[in-house]
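Please have the structure open as you read.

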Amino acid sequence: MKETDFAKIEKKWQKAWEDKKAFEVKEDKKKQKYYVLEMFPYPSGTGLHMGHAHNYNIGDIYSRFKRMQGFNVLHPMGFDSFGLPAENAAIKAKSHPKKFTEEAIANFIRQMKDLGLSYDWSRMVETHKPDYYRWDQWIFLKMYEKGLVYRKKSPVNWCPKCNTVLANEQVIGGKCWRHEDTNVEIKHLEQWFFKITHYADEIYEDLNKLDDWPELIKRLQRNWIGKSEGAEIDFIINKEKWKIFTTRPDTIFGVTFLVISAQHPRLMDIVTSEQKAKVQGFVKKLHSVKEEDLDKMEKEGVFTGAYASHPLTGEKIPVYAGNFVLADYGSGMVMGVPAHDERDYEFAKKYKLPIKYVVKPEKAEKIEGAYEGVGILVNSDSFNGLQTAEAKEHIIKVLETKKLGKKVINFRLRDWLISRQRFWGTPIPIVYCDKCGVVPVPEKDLPIVLPEKIEFKGVSNPLLQYKPFLEAKCPNCKGPARRETDTMDTFVNSSWYFLRYCDSHNDKKIFDSAKANYWCPIDVYVGGKEHACLHLIYFRFYTKFLRDLGLINFGEPARRLFNQGFLLGPDGERMSKSKGNVILPEVVSKKYGIDVARLFLVSIASPDKDIMWSDEGIDGTFRFLKRVFSYVSNMKEGKTSKKIESKIHSTIKKITEEIENFKYNLAVIRLRELFESFEHESIAKSDFNLFIRLLSPFAPHLSEELWQIIGNKGFVSLAPWPEADEKKIDEKFEQAEKSADKTVSDILNVLRIVDEKKGKANKVYVYVMPFELEYYDSNELTKRVGKPVMVFSVSDKKKHDPQGKASKAKPGKPGIYVE
């Protein structure tokens, strides 16, 4: 066939699927549903490359497989279309980000359709459109009603290039995640927060229910949420009570200093006038409020001039400001116990602070540095001699009795800062009134729409100067009010989009609960592991909140999560336009046809592994599919042999299991082996139909063409998945195949050794046990080895065996002689 034919075939069937609305679905209580979803993309101006295509291909294969198995499959697509790149492009061109966004979306849709992805496009969502973000605002108001939204002044990560706040997760090594050359600064701003910590314990504990999520993701989330048991202890500073959390109340008598976060909003309240200049100078040096970055910094501090009163001894304890304490962890202040914490030990040594050991190992040993283990309490008044675990309980009881502390569970997870000082995001539905203060916008006034007639003159948010948006009326007193100009973090938009797909055109409510409860939870969710502590925590939080509103009857968004590997460019690096190593679908499609690429991408390795693009590899896949078409062109229907029949049904059984478990690469190997087993034989049309159905999820366009060529009606994409007939699987043939595979491998190894010794072999002789002779076919071995192969029983008196190799044969391991 001509190389361009595949591309023509693909266009033909893409149009047919679209005309017939082949993949559109509705709720059907008579059918079992199956919801397959890939994480929706941000529609960048550069469009899709084959790395993106690989991700969508993984989900598409699975959805096609489940559809053929008879499930009512929901497989939608949409666009996470708010974001900085479109806004930055608008600033540069003095245009509007909507223009860039919608041009990019049109391009993405075209490319996705060209990939043959079986999406139900009738359900598409675009998060930048008011009919979508209206419901983001509605959720905000519902959270506000429930006390899960609040505003406070806090230290935030600020990227001067983005000109906005970054969440902790968006700061990497003290740099902006988008601008790797830009140091993040710290600012204290009034910000809006979602109280995700209200659900921290449930989000943490429910990870135990997610049996079909990768262990890596669950471990990362557990670490990020960071559940820990301990005590909250009251220290008095300037006659004011400060509550300090510790997991080691047993070391309370070893406290020799306290450290307050240098980013704490109330830091200057405790700083003495003598120390003010030094503390302010220290604070200016900070570059991140992210815990991971703080951990990597050299631990530094400065004395505030303040002292705390020890709750149990009354001793005066110096208070330092430090660069390693989070402002929003507990009270933003920690105990310094240098004898039993390595970080505190280094700090104490650096600033010449006392080190007091209060726990010693049970077995006598010399202690050097910080002893962080358990043991027996010493230098701890009436608690001396107690074991660590027992001492914790006793000390907490004493603190509770004296009303100086209590037992608590604490979490590392911080509340979600959602404010962004940018234009291209969901407006926050709040107004500020001089009389009434902070006032939420009534639901009936939603959506608060971003203006279209607005100019981008600089890097700051243009809403700040745009009076038609800024000037509002207070919903309470009807007096003048000022509209909130911050917009929401774009992770808000992606935290519930999977639910909107269930009812994407509903203009009366966020979605119909019956429809959402029919389709959800997601059965298979495909996306990258880099989202472990961002999107994959946020959308679990949203699901629990919407459940508590009574909108849905489930508490986890996805039953199964699959993390795909990356497609690397020919240079071995992850594909990106900036590296110049992208492979474009349009180029591949024109040269080979997109089905060739689809099949090739899943044949290299398991889909959860990183794979490298290879021109040689895709050439091999191209040749294979051309051979399949050649077979059909010259097909002469005949009776399928028992051997091929057994092979077909054992392959159906194996491929079904392998697709179910995302072992696509193994399934492709089985497909090729099956085709090669009958490539030079005639088989029944009904049996070739089974092969086409197995091929269909991987190469859907070409399978449709083959299906039609041999006289079938309708779409093979909607035909039933083949079921293995166990009665037709003959173990004798299975055993023969295994024996042949092993023998071919052994023969090729012997030939390689002979070749390395500069010898030359023209014939191969194989000696097998008499009871195994039926498993070995001389013609098949000859074909696979590429040299004449003769098979003998070891008991055959007429065998050619000049070196006595037959005597070395064992059951399952034939003797081999070459000459």
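In this predicted model, helix α3 (residues 84–93) and helix α4 (residues 97–114) bring their axes within 8 Å of each other. The axes cross at roughly 125 degrees. That angle is why α3 counts as oblique to α4.

**Helix pair α3 and α4**

- The crossing of α3 past α4 is right-handed.
- On the α3 side, the contact is made by Ala86, Glu87, Ala89, Ala90 and Ala93.
- On the α4 side, their partners are Pro97, Phe100 and Thr101.
- By class, this contact holds six nonpolar residues, one polar residue and one charged residue.

**Cavities**

- How many cavities of 30 Å³ or more are there? The count is three.
- The largest cavity has about 150 Å³ of space.
- Its lining consists of 16 residues.
- Closest to the centre of the largest cavity are Leu84, Arg178, Arg420, Arg422 and Thr490.

**Lining of the largest cavity**

- Strands β4 (164–166) and β23 (487–488) each contribute at least two lining residues.
- β4 gives the largest share, with three residues.
- The lining of the largest cavity splits into six nonpolar, six polar and four charged residues.

Note on methods:
Residues numbered from 1 in each chain as written. Predicted model: local features only at pLDDT ≥ 70, side-chain atom pairs only at ≥ 80, totals over all residues. Heavy atoms only, no water. Axes fitted to C-alpha atoms, helices over the stretch in contact; angles between N-to-C directions. Helix = DSSP H or I, 4+ residues; strand = E, 2+ residues; numbered from the N terminus. Parallel < 35°, antiparallel > 145°, perpendicular 65-115°, else oblique. Left-handed = near helix turned anticlockwise from the far one by under 90°. Contact = heavy atoms within 4.5 Å. Nonpolar A, V, L, I, M, F, W, Y, C, P; charged D, E, K, R; others polar. 1 Å grid on protein atoms, 1.4 Å probe; cavity = no way out; pocket = protein on both sides within 12 Å on 5 of 7 lines; lining within 4 Å. Points joined across faces, edges and corners; volume = space filled by probe spheres on them.
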